[in-house]
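Trainee: Could you show me how to read the features of a protein model, one at a time?
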Amino acid sequence: MKKEETIDKSRRDFLKTAAIATAATATCGSLVCSCSSNKSTVEKKVKLLSPDGEIVEIDSAYLNYQEHMAIVSKLEARQGIAGKKFVMVVDLARCKNARKCITACQKWHYRPEETEWLTVKLLKDSEEGAPYWFPKQCFHCDNPPCVKVCPVDATFKRQDGLVLIDNERCIGCKFCMAACPYSTRVFNWDEPELPFDIKNLTYSAETGIPAKVGTVEKCDFCPDRAREGLLPPCVEACPNGVFYFGDENEDTVSNGEETISFKQLIKDRAGYRFMEELGTKPRVYYLPPKDRQFPVERGYENLSEDLKERYKEYKEFFEEKK
Amino acid sequence: MELNTYQQEAFNHQRKNIETFGKRTWGWTIFYLLWIFVGGYALYLQIAKGHGITGMRDNVVWGLYIVNFIFFIGISYAGAIIAGLLHLFKVPWGKPIIRVAQMMTIVSLIVGPVFILLCVGRFDRLHHLFFYPRLQSPMTWDVMAILTYFVGSVLFLYMALIKDFAVYRDAKLNIPKWKQRLYKFLAIGYRGAASQKRHLIISQNLLAIILIPLSIIVASILSWIFGMTLRPGWHSTIFGPYFVIGALYSGCGVLIVAMWVYRKMYKLDYYFTDRHFKYLGFIMMVLAAGYGYFTFSEYFTSWFGSERWDSEVINKLFNPAEYGWWTLFANLAGILLPILIIAIPATRKTNYIALAAFIMVIALWVKRYLIIVPTLESPLLPMQDTRAEVVKYSATWPEWALTFAGIASFLLFFTLMSKFVTIVPVSGLEDTHRPFELNHEHQAEHSIPPAKKEEVQPA
């Protein structure tokens, strides 16, 4: 671990190059040396530390990329990405409860089906108003009630705005869950079932993998992907471009199809933050469900009976619509 | 140790309690141990299978364990405050009962925090609380406060015991060698010299002065674990004082019940007189009124303000289909009953007071449940979940087993303590004679020596 921490910033810029892969492999073993011979092009040689402690030179063509490798040190995972200020915008006018974001999230984080870091609620603001689909992940508040109450500094606020959890630190007191007014956090009540190779990965607060029993977890905005310039899976998976993810400092957000100015978007579409009155200062903005692309019942009709049961308080409403 | 006649009398009266163990005590001890064993098995299952075997889920993250934690810790604070006040103000009638209050403090302070450990997902990492403490967290404040308080109240009890240990050491008791040695060790060479006496009394006074505000602070910090969150029903400015008075009140009830049981068991009618129960009853009544006032303020402001989330919790609490009957019980039995029993002279009898106190203590336990669970069942966002166990909390058998194991260990500690030290402090009776002799008004009533048998047996 010490070796990782000494990686300085200039070297971090080489993240995507094989050179850094050497260091990462040396400590984490998350790059796998492939023996398949069909890769014949000789690119360049890289030095790797073998499990026996020997330095070996290998053709970079034989290296396979593996997801979820802990590419940063514990310290960096706590500090965050310098100069960034991650922000998300959710366009409520486009959501039709397709639930693609949820499955993508569960797949990426190896969470079971019943654990939804990202959920879609059906909300209605007033008696007369119409219900609308409301995707909700962690708001990564700037004044996070969960962080304030953690007795062991296991959940923390980073300089790039993210609120993450260190599951090697967490004692499982669940105080953060009681304190979060948005019921965002979930607890590993039982030993999480994970594929063998995932179970043996080096844990990092940035990947949140592998999950650990008796600890709290939640949506993390996928900072490991952000480091590689990728959008979170929920953003990529959404067929309707509901989610915009980006950097407030750069003033750009993207839903994968279009990249636009964050400030302009919030101004033009009257973006708001959920329950602003709580003073938690969320980093997730919502665009009101005006001029909706889909009638609300489109998100209900194709659901399984079990999922329909979730929204039973609106059952009559949907039956009327039919 | 030289004893005056009254002390000698008190000692002789209780001598056999610490000399013998007795079949009945064995019976109870084994009974309690059985309960603890069942709880131990439940704990084993919880460790082996994970917290999934409890009724707690992602919404109701805290359940019976936290309810028990608040309950026992509350009793403890009350013990310290009552003992501290009785000591500081040199209340003459307080001398015989001060030890029960002090024992209550320690015992519940051992049992209480165990419950929070049961609730923690990873108790293999508890050292993180000391290695990586975050000072903003009310939980960190609580850890510091409870530890300080534990040390303080153990010292307070021990200081009060030193003289008695010296008495037991010198009394040539018919007890095994190890016990004699232990008394000798614990008496730390106390001989009753003037300087020893002075040092002891100064230390005790200082500890009492520290402990009283400390227990108020600790009870408030406990309440802030809830009060500092943004949850309806918890996020309230009166939570600190509310918990303080709730703790005092329930503790006062436990003290009365404990005294009643000891009086029955060890025939201590001469020391725990009816007047003691009456006086403690008056204190309990005043506390009941104060606690009732806080409860009313809390519910009334929430209901009147009718803010959306507050109303949701209030509706849950008062809806007969949800917690309505429990709320009714908690408030009738927890507030009205003790006030009526003590206010009406005809029912102001020792047995009735003890019975009212016993029912009140149960009601206050229910009240703690009503503070914790309904709020957690009312998240700000609709749950929209189909899993019944997530929507509504219902405790599973391991949680109940551990709860009863906790109560059993509380009673076991009390039983064992009563076999190790005299329940009525012998040397503590120093400057007084009979508890009420100073009070000339009541002299006649109490000139009749011990053991007036009670007829009515409370449930």
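Mentor: A residue is buried if 20 or more other C-beta atoms lie within 10 Å of its own, exposed if 12 or fewer, and partly exposed in between, with C-beta atoms placed from the backbone. Keep in mind that this is a predicted model, where local features need pLDDT of at least 70, side-chain atom pairs count only at pLDDT 80 or more, and totals for chains, interfaces and linings use all residues. Residues are numbered from 1 along each chain as its sequence is written, while chains are lettered from A and ligands numbered from 1 in the order in which they are written.

Trainee: Where is S306(B) found?

Mentor: S306(B) sits in the loop between α10 (274-305) and α11 (308-318) of chain B. Helices here are DSSP runs of H or I with at least four residues, strands are runs of E with at least two, and both are numbered from the N terminus.

Trainee: What should I look for in the backbone angles?

Mentor: Most residues other than glycine have a negative phi, and most peptide bonds are trans. In S306(B), phi is positive, near 45°. R99(A), also not a glycine, has a positive phi of about 65°. That residue lies in the loop between β5 (86-91) and α5 (100-109) of chain A.

Trainee: Is R99(A) buried or exposed?

Mentor: R99(A) is buried, with 20 other C-beta atoms within 10 Å.

Trainee: Which residues does a cis peptide bond join?

Mentor: The cis bond joins I209(A) and P210(A), with omega about -5°. P210(A) belongs to the loop between α8 (196-199) and β11 (216-217) of chain A.

Trainee: How do I describe two helices that pack together?

Mentor: Two packed helices are described by the angle between their axes and the distance between the axes. Axes are lines fitted to C-alpha atoms, for helices over the stretch in contact, and angles run from 0 to 180 degrees between N-to-C directions. Take helix α4 (residues 98-119) of chain B: its axis and that of α15(B) come within 10 Å and cross at roughly 155°. The two helices are therefore roughly antiparallel; the word applies to angles over 145 degrees, while those under 35 count as roughly parallel, 65 to 115 as roughly perpendicular and the rest as oblique.

Trainee: What classes of residue make up the contact of α4(B) with α15(B)?

Mentor: That contact has 12 nonpolar, three polar and no charged residues. Ala, Val, Leu, Ile, Met, Phe, Trp, Tyr, Cys and Pro count as nonpolar, Asp, Glu, Lys and Arg as charged, and the others, Gly among them, as polar. Residues in contact have C-beta atoms, placed from the backbone, within 7 Å.

Trainee: At what angle do α3(B) and α15(B) pack?

Mentor: Helix α3 (residues 64-88) and helix α15 (residues 397-420) of chain B pack at about 15°, with their axes 10 Å apart. They are therefore roughly parallel to each other. L64(B), Y65(B) and N68(B) of α3(B) make the contact with E399(B), T403(B) and G406(B) of α15(B).

Trainee: How many residues does each chain give to the contact between chains A and B?

Mentor: Chain A gives 37 residues and chain B gives 35. On the side of chain A that touches chain B, α7(A) gives the most, with four residues. The residues on that side divide into 22 nonpolar, four polar and 11 charged.

Key. Two residues are in contact if their C-beta atoms, placed from the backbone, lie within 7 Å.
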